[in-house]
Amino acid sequence: MKKIFIFLFGAFFLAGCALNLVTGRNQLSLVKESDLRLMAVDQYNTFLKENRVLSSGSSRDAAMVDRIGARIANAVTKYYSSEGKESVLEGYSWEFNTIDDNKVINAWCMPGGKVAVYTGLLPVTQNETALAIVMGHEIAHSIAKHGNERMSQAMVQQMGGMALEVALAQKPQETQDLFMTTYGIGSQLGAMLPWSRQQETEADKYGLIFSAMAGYDPREAIPFWQRMSVAGGGNPPEFLSTHPSDETRLRKLKQFMPEALKYYNAAK
Ligand SMILES: [Zn+2]
């Protein structure tokens, strides 16, 4: 009995593991990306209704977020078509919104390209280039399907491996909360799970390439992450606690820099 269980459990995991074209590694994905995108549309629209959204017509900050978003979206499309991997962006329909909340030092990107930037992040980014580096980083998490990995783990641990659509029908609130926690949205849900070190390194690398291709100097990433680390102080903001800023990050960013600079120089 136990053996059968282990076999079935193993098969379940094998079936749910897929080679990710972005990261080049096998990632757990028990949830269909198309289901996550549908859920993202719902959750994003609800979120926008419940928060103060700045319009790019009347806010220079929102106009900046829109401008960066358009340039990075363009760069990402170019990057994957040059690699013959257009399927990576299947179902993407980009939206960029600026949330008027000075207390939240955060930004995120849901599956399908639904992005939010909080005004609380802007005193730390201080300039358009640093904000482009953060947005590139968040967009890279989304394109690398890191949320699917996390959501899949949570579905196994908290929903007994239930399919997403079944969970949504039977436990709608719990499933929606799980989704929001997975993508690091809404601090009222308690402690955030940190992205894994590997996911962070991947998001840093591809985020740097995307923002460099969009014409933003990748070297700004170093002082920016140093500022983030200071902004943390004794009481780290939510954004920092999910994004460990340390020597390892800075060292890896410096390693990626020559490659990112090639993209930046080609974009100039
Ligand atoms: Zn991250």
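Which residue takes a positive phi in the hairpin of β5 and β6? Select Gly112: its phi is near 85 degrees, and the hairpin has three residues between the strands. Before moving on, note that this is a predicted model, where local features need pLDDT of at least 70, side-chain atom pairs count only at pLDDT 80 or more, and totals for chains, interfaces and linings use all residues. Residues are numbered from 1 along each chain as its sequence is written, and side-chain values use heavy atoms, with hydrogens and water left out.

**Whole chain.** Zoom out and you have 12 helices and six strands. Helices here are DSSP runs of H or I with at least four residues, strands are runs of E with at least two, and both are numbered from the N terminus. Of the 268 residues, 51% are buried, meaning under 20% relative accessible area with a 1.4 Å probe, protein chains only.

**The sheet.** Now show the open, mixed sheet, whose four strands run in the order β3-β4-β6-β5; two strands pair if DSSP finds at least two bridges between them. Colour β3 (53-54) and β5 (107-110): each is an edge strand with a single partner, so one side of each has no neighbour in the sheet.

Next, pick β4 (residues 95-99) and β6 (residues 114-118), which pair in the parallel sense over five bridges. Look for Phe96 opposite Val115 and for Thr98 with its bridge partner Val117. On the other pairing, β5 and β6 are antiparallel over four bridges, with Trp108 bridged to Ala116.

**Stay on β6.** Five of its five residues are buried, so β6 is largely enclosed by the rest of the structure. Show the side chains: Lys114, Ala116 and Tyr118 point one way, Val115 and Val117 the other. In a regular strand, side chains alternate between the two faces of the sheet.

**The cores.** A nonpolar core is a set of buried Ala, Val, Leu, Ile, Met, Phe, Trp, Tyr and Cys residues joined through side-chain atoms within 4.5 Å. The largest has 52 residues; select Ile72, Tyr80, Leu131, Ile143 and Phe210, which have the most contacts inside it. Helix α5 gives the most to this core, with nine residues. Click on Tyr80 and find its neighbours, including Val22, Leu89, Ile143 and Phe210. Last stop: a second, separate core of 24 residues, with Phe47, Trp108, Met151 and Met155 among them.

Terms used
Buried < 20%, exposed > 50% of the residue type's maximum accessible area, 1.4 Å probe, protein only. Contact = heavy atoms within 4.5 Å. Lists of a residue's contacts leave out its neighbours within four places in sequence.
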